[in-house]
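Hi,

Here is the structure I promised to pass on.

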Amino acid sequence: MKKLSAFILSLSILGCSAAALPKKTEVFADEQKLTVNCKSAYLCDFNSGECIYKENETERLPIASVCKVMTLTLCFEAIEAGKLTLNDKITVSERASGMGGSQVFLQTGLSYPLSDLIKSIVVCSANDSCVAVSETVSGSEESFVALMNKRAEELGCSDTLFANCTGLPKETQYSCARDVAIMFSNLIKNETYFEYSKIWLEDFCHPDNRTTTITNTNKLIRKYSACDGGKTGFTNQAGFCLASTAKKDSMRLVSVVLGADTGDNRFKSAINMFNYGFANYKNAVVLDKDVNLSDKFAVDCSKKQSLSVHPARSSYVFTAINATPEIERNVIAYDIKAPVKKGDVVGKIEVYKDGVLYDTVDLIAAENADKATYGDFFKRVARDWTL
């Protein structure tokens with residue numbers, strides 16, 4: 001469509017942001033107030049990706065079972081692409097059932113719903129389920145690992161290399177706190193993830209009527225009320241690792257802790273980062289999806305001469321509490337012609353923070369605009385004639 005018009009509105013606002021990654025990372029608050037006890041750490045806003053805190057964030061380290069963030073990502077993306085469904089039955093191979101480490105004790109030759117396997121990976125970090133899923137998605141774990149590395153590269157994770165889908169010790173595999181934050185942020189865009197991540201204790205039922213009790217390895221969902229998801233990891237080489245997320249009001253944060261010396265310090269470091277982020281930063285609504293813009297769009301050949309519009313989704317601006325960024329909105333109306341249905345995309349709105357493009361949101365019709373008849377045109381001409 002051709003762009004018909006553009007007009008700019010300016011305002012100053014405090015708040016938190018969405019969508020496009022800013023070109024420049026800004027850390028406004030006093031980092032000296034934050035204490036973490038690990039080799040590497042990263043804290044960022046989920047919506048914008050803006051970094052709040054970082055420590056050795058690009059150091060290449062083993063991340064143990066946190067690598068299952070990518071295993072889950074590829075599984076959810078296969079579902080979104082229509083290659084799999086949550087109800088599909090997955091037959092367990094001998095190799096999958098024989099995996100060591102954390103497991104849910106799958107039985108060779110039995111078939112399990114994919115949803116149950118995903119649940120066991122999210123909740124109790126089941127290695128056997130990971131291999132069963134990898135073989136289903138790609139035919140073999142080896143080809144699945146190739147997909148893991150390809151997807152990591154696509155996400156911009158330049159300091160990540162996977163060697164298996166479980167995180168069990170193996171040569172030449174690593175990641176870094178920054179990359180883990182990127183991968184975990186991408187994973188939790190899938191709302192289905194949260195259907196599993198908040199489970200604390202549950203019985204996993206096998207087709208042969210056995211039951212395995214699974215307990216969430218992410219203790220933060222009990223220790224920290226705002227936390228609703230995370231992935232733990234531990235090996236002697238990697239130490240205690242954690243990628244987690246917490247949400248308060250409109251702000252969701254993502255934290256990564258790598259190489260903590262104890263499980264408790266892993267969780268304490270994440271809590272300290274979350275408390276720091278929520279205390280020093282905030283989100284403000286720039287666009288509300290439930291509120292029509294004051295601007296109305298012209299519609300050619302319509303019964304009505306103007307059309308009410310609203311954003312397809314809400315948009316937020318992320319900033320330190322004590323900062324006042326300059327926010328501009330650039331409203332762009334497309335060249336639209338009746339008929340238009342409520343919900344049709346009719347334009348877009350660009351949000352700028354301190355002169356940098358920060359978010360772009362579609363504008364959709366808030367009402368129908370039917371095509372005008374000859375009688376409508378005649379009435380309009382007659383009305384204009386009498387004015």
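Predicted model: local features only at pLDDT ≥ 70, side-chain atom pairs only at ≥ 80, totals over all residues.

Residues are numbered from 1 along each chain as its sequence is written, and side-chain values use heavy atoms, with hydrogens and water left out.

The whole chain

The chain has 387 residues, and 52% of them are buried (under 20% relative accessible area; exposed is over 50% and partly exposed lies in between, with a 1.4 Å probe and protein chains only). Of the contacts with a separation of 6 or more, 67% are between residues 24 or more positions apart (a contact means heavy atoms within 4.5 Å).

Five strands make an open sheet in the order 3-2-10-9-8, with antiparallel pairing (two strands pair if DSSP finds at least two bridges between them). Strand 3 (51–55) and strand 8 are at the edges with a single partner strand each, so one side of each has no neighbour in the sheet. Strand 2 (residues 40–45) pairs with strand 3 over four bridges in the antiparallel sense, and there Leu43 sits opposite Tyr53.

Helix 6 and the aromatics

Helix 6 (residues 177–187) is mostly covered, with nine of its 11 residues buried. Among those buried are Val180, Met183 and Phe184. Phe184 also belongs to an aromatic cluster with Tyr193 and Phe194.

Overall I have seven aromatic pairs (ring centres of Phe, Tyr or Trp, the last by its six-membered ring, within 6.5 Å; planes under 30 degrees apart are stacked, over 60 edge-to-face, the rest tilted). Tyr224 and Phe274 have ring centres 5.7 Å apart and planes at 20 degrees, so they count as stacked. Tyr224 is in the loop between helix 8 (220–223) and strand 8 (227–235), while Phe274 is in helix 9 (residues 263–280), 50 residues apart. Tyr224 is buried at 7% relative accessible area, and Phe274 is buried at 0%.

Salt bridges

There are 12 of these (a side-chain nitrogen of Lys or Arg within 4 Å of a carboxyl oxygen of Asp or Glu).

- Arg95 and Glu141 meet at 2.7 Å, N to O. They link helix 2 (residues 94–97) to helix 5 (residues 141–154), 46 residues apart. Arg95 is partly exposed at 41%, whereas Glu141 is buried at 6%.
- Glu202 and Lys119 have their closest N and O atoms 2.5 Å apart. Glu202 is in strand 6 (residues 201–205) and Lys119 in helix 3 (residues 114–124), so the pair ties together parts 83 residues apart in sequence.
- Arg178 and Asp179 meet at 3.0 Å, N to O. Arg178 is partly exposed at 29%, while Asp179 is buried at 0%.
- Glu77, Arg151 and Glu154 are linked in a network.

Cheers

Notes: Helix = DSSP H or I, 4+ residues; strand = E, 2+ residues; numbered from the N terminus.
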